[in-house]
Amino acid sequence: MEGLNVTDEMLNPNSVTRQLSDQISLAKAFVVIAKESNNLQFAWELSAQIRNSQALLSNAATRRTPLTTRESETAIHDMALLLYQAQQLHYDSATMIMRLKAKIQALEEQMSSVNEKSSKYGQIAAEEVPKSLYCLGVRLTTEWFGNPNLQRKLRERKQIEAKLKDNSLYHFCVFSDNILATSVVVNSTALNSKDPDKVVFHLVTDEINYSAMKAWFSMNSFRGVTVEVRKFEDFKWLNASYVPVLKQLQDSETQSYYFSGHNDDGKTPIKFRNPKYLSMLNHLRFYIPEVFPALKKVVFLDDDVVVQKDLSSLFSIDLNGNVNGAVETCMETFHRYHKYLNYSHPLIRAHFDPDACGWAFGMNVFDLVAWRRRNVTGIYHYWQEKNVDRTLWKLGTLPPGLLTFYGLTEPLDPSWHVLGLGYTNVDPQLIERGAVLHFNGNSKPWLKIGMEKYKPLWEKYVDYSHPLMQQCNFH
């Protein structure tokens, strides 16, 4: 029996080690019940005997020989008396199980409450504009109106206006009100491009950020990349008679749903009520052919991505007659259509396979010729109007995108678009191979709640030495 493994011995029903271990496990449960019953003296006696029995097991493990009946007899006897006393106090197994179940239920309710609060506060934190970002916007706006040189620079750049409609170049579009995030997208694309002179960025923002965005991209050079800044308020066709989302915004019930949050007793999670899902910058992706009438192919990028490879090959990918080139996300079952859409609705059941593969917005190749031919924007309008009561889907632009581009999406190699850096752990090899890294999720890299291990991937494209960045305390 020399050198007998203690674990093997504990599996033996005739082993004193196993008997002692079983007593310790039961005694630990009784300690919890004794404390809850305010029988602190008995809880102390049980704890002392547990420590005594554990010391015996520890000594046996250290010397690598099994416990003998003689040396463990006293400990087993003393513990047996205490366990018998626990039963006399009605600390029997049935009572113990009942109390532990009640304790588990209480803990589960606590955990559910904590998770709900955590989700709510996380959502609020994700929607807050950091002071430094707000400061940058204000200073850039002041700079734009106070520095004639910047406006002159922009007029000089208009000499390259022909590039904005040249279909032999690489056209990218970003719709955003975040100056710094957009700058990172442009800068990372430029620095990793083999031929930045052929890269054209079309940026669309809103009236509030328009001057600041123009100032930033006038005062900074991005390796010769052409950058155009526009505001969506200038698009005359963007009105309530044409755009369902704008029409819905005029509806009092929709306004109440998104902006008051009091009409369903709080049953709808806060993330479903985020007004950003009604923002035109969010829905402008469905109007790309109208925004760029002269273009034939565009790569759409979200403002929470980082580009770390040359993207020129995207423009030569054959989409096989499809409109949208995207990376599929259904490697796991929860990224299939039934997870995004309401399949209890007859319209959804009749038109869409619940197991169809989902795909990602954030890096998409759009064939605008095929888009116009298939009237894709009209398809989008149809589904938006059918969802006026929010019974087909609730959240964001991906569900209507899945409906709009159903049967019109060409799968791209997964290395083109790596997702999840804003909410989960991502395989380091996928990150290394990825052409576009997407910080989708609440933990954006420019926020304090951003995931620390992924922030450097984004921050290396931020020029922290820029005077305005230092004045606004970016670090």
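This briefing walks through the disulfides of the structure above and the surroundings of their cysteines. The model is a predicted one, so please read each value as computed from its atoms. Counting sulfur pairs within 2.5 Å gives two disulfides. Numbering the bonded cysteines along the chain, the pairing pattern is 1-4, 2-3.

**Cys135 and Cys472**

- Cys135 is bonded to Cys472, with an S to S distance of 2.1 Å.
- Helix 6 (residues 131–146) holds Cys135, while Cys472 sits in the segment after helix 20 (467–471), so this bond ties together parts that are 337 residues apart in sequence.
- The torsion about the S-S bond of Cys135 and Cys472 is about -75°, which makes the disulfide left-handed.
- Cys472 has 3% relative accessibility and therefore counts as buried.

**Cys330 and Cys357**

- The sulfur atoms of Cys330 and Cys357 lie 1.8 Å apart, forming a disulfide.
- Cys330 is in the loop between strand 6 (324–326) and helix 14 (346–351), and Cys357 is in the loop between helix 14 and strand 7 (363–367); the two are 27 residues apart.
- This disulfide between Cys330 and Cys357 is also left-handed, because its S-S torsion is about -100°.
- Cys330 is buried, at 13% relative accessibility.

Notes: Residues numbered from 1 in each chain as written. Predicted model: local features only at pLDDT ≥ 70, side-chain atom pairs only at ≥ 80, totals over all residues. Heavy atoms only, no water. Helix = DSSP H or I, 4+ residues; strand = E, 2+ residues; numbered from the N terminus. Buried < 20%, exposed > 50% of the residue type's maximum accessible area, 1.4 Å probe, protein only.
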